[in-house]
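This report describes the fold and the overall dimensions of one protein chain. Please consult the sequence and the structure shown below while reading.

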Amino acid sequence: MITKIINKLKQIRKSYYKKQVLKTAEYVKGQIFVNGLTYVNTRTRLGNNVNFNGLRILGNGKVEIGDNFHSGMDCVFLTQIHNYEGEKIPYDTSIILKEIIIEDNVWLGHGVIILGTVTIGEGAIIQAGAVVVKDIPKYAIAGGNPATVFKYRDEAHYTKLKEEGKFH
């Protein structure tokens with residue numbers, strides 16, 4: 001009995017999170033799955049088969065997320081900064097918006113932080129806990145703080161799976 005109640009509450013929570021994402025996002029190309037607390041902004045554009053397990057987009061900068069995206073829990077995208085070269089120190093009241101682009105088939109591990117003005121290339125994997133401060137190329141596997149590429153996916157294997165339509 002308790003298990004049924006807990007499962008029902010989880011389903012209600014997932015449904016609520018998904019509705020909030022659908023209501024807030026600028027554009028949703030296809031199906032999305034929201035399994036954890038997720039916030040997007042009104043300038044977020046989502047591809048098909050986007051899977052959120054807990055991601056927060058902070059700020060009002062533009063965010064594009066491609067098809068077959070997967071996030072771990074507790075991921076954060078920072079899309080704006082204070083103007084530190086303005087009229088006051090340490091910063092003034094003006095805000096600078098930053099864009100984040102996530103290409104197709106990208107997987108973010110648990111607790112990844114992505115700063116604005118970053119593009120993560122197709123098929124890239126970002127290791128749990130990484131802080132991404134610069135672009136990550138296609139097929140790269142990166143981790144650390146700041147995130148650095150330490151390996152690449154087998155491109156032939158990746159391409160074969162993509163051509164066969166084998167997406168999670």
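The model is predicted, so local features require pLDDT of at least 70 and side-chain atom pairs count only at pLDDT 80 or more, while totals for chains, interfaces and linings use all residues. Residues are numbered from 1 along each chain as its sequence is written, and side-chain values use heavy atoms, with hydrogens and water left out.

**Overall chain**

The protein chain contains two helices and 18 strands; these are DSSP runs numbered from the N terminus, helices being H or I of at least four residues and strands E of at least two. Its radius of gyration is 17 Å, close to the 15 Å of the globule rule for 168 residues, so the chain is as compact as a globular protein of that length. The radius is taken over C-alpha atoms, and the rule is 2.2 Å times the number of residues to the power 0.38. Along the principal axes, the C-alpha atoms fill a box of roughly 60 × 45 × 30 Å.

Of the 168 residues, 38% are buried, where buried means under 20% relative accessible area, exposed over 50% and partly exposed in between (1.4 Å probe, protein chains only). Among contacts (heavy atoms within 4.5 Å) with a separation of 6 or more, 21% link residues 24 or more positions apart.

Five strands form an open sheet with parallel pairing in the order 1-3-6-11-14; two strands pair if DSSP finds at least two bridges between them. A second open sheet, also with parallel pairing, has four strands in the order 5-8-13-16.

| Edge strand | Residues |
|---|---|
| Strand 1 | 27-28 |
| Strand 14 | 118-120 |
| Strand 5 | 55-58 |
| Strand 16 | 131-132 |

Strands 5 and 16 each have a single partner strand, so one side of each is left without a neighbour in the sheet. Four bridges join strand 5 to strand 8 (residues 75-78), and Arg-56 has Val-76 in strand 8 as its bridge partner.

**Arg-45 in strand 3**

Three bridges join strand 3 (residues 44-46) to strand 6 (residues 63-65). Arg-45 lies in strand 3 and stands opposite Glu-64 in strand 6. With 29% relative accessibility, Arg-45 counts as partly exposed. Beyond residues up to four places away in sequence, Arg-45 touches Glu-26, Tyr-27, Val-63, Glu-64 and Ile-65. Leu-55 is 10 residues from Arg-45 in sequence and 14 Å away in space, C-alpha to C-alpha.
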